[in-house]
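Please look at the sequence and the structure below before reading on.

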Amino acid sequence: MTKAHEYALDVTWTGNTGSGTSGYRDFERSHLVSAAGKPPIVGTADPAFRGAPEHWNPEELLVASLSQCHMLWYLVLCARAGIVVTEYTDHPSGTMVEDPEGGGRFSEVVLRPQARITDAQHHERALALHERAHDLCFIANSVNFDIRCEPQVSSA
């Protein structure tokens, strides 16, 4: 039997500066993403679309979601394989391309995970587990653009 998981949250626009959406430049793109029992995320549009650069935009959060999902699977796979990871960082980036009508889509995301393991003899297996993490990632399996992974593994 398949398991289904539900995710409920609230997105609330907070950018009415007094005249609502009376004009393209007359409102802020600010909003709050919230869910019960969690701190809110202050969101906005990409600065290219009149968003505030100091707040998270949906495009950044999509790239972050891909990176987080990959990392969480990778750590689980390493634990199951007896590979001890002591540090993990990623420096992901994404490319979004606009179309002439103003819409657009992501063309790719590149993950650049760097993992430190305790035993150098597991280096090749630790590298290979990144491919399996990608195959299992819920978010990666839900998007229709390329996701490249350029992993690095070092040992203590």
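Predicted model: local features only at pLDDT ≥ 70, side-chain atom pairs only at ≥ 80, totals over all residues.

Residues are numbered from 1 along each chain as its sequence is written, and side-chain values use heavy atoms, with hydrogens and water left out.

Helix α1 covers residues 58-81. Helices here are DSSP runs of H or I with at least four residues, numbered from the N terminus. From its first C-alpha to its last, α1 reaches 34 Å with 24 residues, close to the 34 Å expected at 1.5 Å a residue. That expected span is 1.5 Å times one less than the number of residues.

Glu59 itself belongs to α1. Apart from residues up to four places away in sequence, Glu59 touches Asp46, Met96 and Phe106; contact means heavy atoms within 4.5 Å. Glu59 and Arg105 are 46 residues apart in sequence, but 9.8 Å apart in space, C-alpha to C-alpha. After α1 comes Gly82, with a positive phi near 75°.

Which residues of α1 are buried? Among them are Val63, Leu66, His70, Trp73 and Leu77. Buried means under 20% relative accessible area (1.4 Å probe, protein chains only). An α-helix has 3.6 residues a turn, so residues three or four places apart point the same way.

Ser67 also lies in α1. Ser67 counts as buried because its relative accessible area is 11%. Beyond its neighbours within four places in sequence, Ser67 contacts Asp90, Pro92 and Leu111.

Key:
Helix = DSSP H or I, 4+ residues; strand = E, 2+ residues; numbered from the N terminus. Buried < 20%, exposed > 50% of the residue type's maximum accessible area, 1.4 Å probe, protein only.
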